[in-house]
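Me: I have a structure open and would like to learn how to read it. Can we go through it feature by feature?

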Amino acid sequence: QVQLVESGGGLVQPGGSLRLSCAASGSIFSIYTMGWYRQAPGKQRELVAAITSDGSTNYADSVKGRFTISRDNAKNTVYLQMNSLKPEDTDVYSCNVVGTIVPGTTFTSWGQGTQVTVSS
């Protein structure tokens, strides 16, 4: 079983910054993709950013140039640096990790979600 622990959410003023972290632990053999999603009440969950094991990244158009995703493979941790935050970035952000627990047996885990609120 794989557990994800998220941290770093909170309240910030428009134009401010926050850094989210998500650490994976448990029976992990390898990790393919680590990513962040967000979901507002009544809306579909959307991909914010993702990073593969070789460092390739993918961002939602709405956050390109403002958010940066990175990962520390030694710590099985993914980060999301969020700069120039806007009120429309307010959401619950959830971490997602896809990997294997043994060769050939994949897993997908979700974090519990962390609230990000951008408001003056």
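Reply: Let us start with one pair of facing residues. C22 has V78 in β8 as its bridge partner. Keep in mind that this is a predicted model.

Me: Which strand pairs with β8 in the antiparallel sense, and over how many bridges?

Reply: Bridges are how we see that strands pair. Here strand β3, residues 18-26, pairs with β8 in the antiparallel sense, and six bridges hold the count. Another example is L18, whose bridge partner in β8 is M82.

Me: How many bridges join β1 to β3?

Reply: Six bridges join them, and the two strands run antiparallel.

Me: Now a single residue. Is T77 buried or exposed?

Reply: Begin with location, then look at cover. T77 belongs to strand β8, residues 77-82. Its relative accessible area is 7%. The cut-off for buried is under 20%, so T77 is buried.

Me: What is T77 in contact with, beyond its neighbours within four places in sequence?

Reply: A contact list shows who sits around a residue. For T77 the list is C22, A23, M34, S70, R71 and D72, with neighbours within four places in sequence left aside.

Me: Which residue has a positive phi of about 50 degrees although it is not a glycine?

Reply: N76 has a positive phi of about 50 degrees and is not a glycine. Look for N76 in the loop between β7 and β8. With a relative accessible area of 23%, N76 is partly exposed.

S84 is another case: its phi is positive, about 50 degrees, and it is not a glycine. The place of S84 is the loop between β8 and β9. S84 has 40% relative accessibility and counts as partly exposed.

Me: What about a hairpin? Where does G42 sit, and what phi does it take?

Reply: Find two paired strands, then look at the residues that link them. G42 belongs to the hairpin of β4 and β5, which has six residues between the strands, and takes a positive phi near 80 degrees. β4 and strand β5 (residues 46-51) pair in the antiparallel sense over five bridges. Within that pairing, R38 stands opposite E46 in β5.

Me: And which strand do nine bridges join to β4?

Reply: Strand β4 (residues 30-39) is joined by nine bridges to strand β9 (residues 91-102), and they run antiparallel. R38 has Y93 as its bridge partner in β9. R38 also stands opposite E46 in β5.

Me: How far apart are Q115 and Q39 in sequence and in space?

Reply: Compare the two distances whenever you study a fold. Q115 and Q39 are 76 residues apart in sequence, and their C-alpha atoms are 9.9 Å apart in space. Q115 lies in strand β11, residues 114-118. Its relative accessibility is 39%, so Q115 counts as partly exposed. Leaving out residues up to four places away in sequence, Q115 touches G9, G10, T90, D91 and V92. A polar contact of 3.3 Å joins its side chain to that of T117.

Me: Now the whole chain. How many helices and strands are there?

Reply: Count the elements, then check the overall dimensions. The chain has zero helices and eleven strands. Its C-alpha atoms fill a box of roughly 50 × 25 × 25 Å along the principal axes. For 120 residues, a compact globule would have a radius of gyration near 14 Å; the chain has 14 Å, which agrees. Of the 120 residues, 41% count as buried.

Technical notes. Residues numbered from 1 in each chain as written. Predicted model: local features only at pLDDT ≥ 70, side-chain atom pairs only at ≥ 80, totals over all residues. Heavy atoms only, no water. Helix = DSSP H or I, 4+ residues; strand = E, 2+ residues; numbered from the N terminus. Buried < 20%, exposed > 50% of the residue type's maximum accessible area, 1.4 Å probe, protein only. Contact = heavy atoms within 4.5 Å. Pairing = 2+ DSSP bridges. Rg over C-alpha atoms; globule rule 2.2 N^0.38 Å. Polar contact = N/O pair within 3.5 Å; in protein donor to acceptor, adjacent residues only side chain to side chain.
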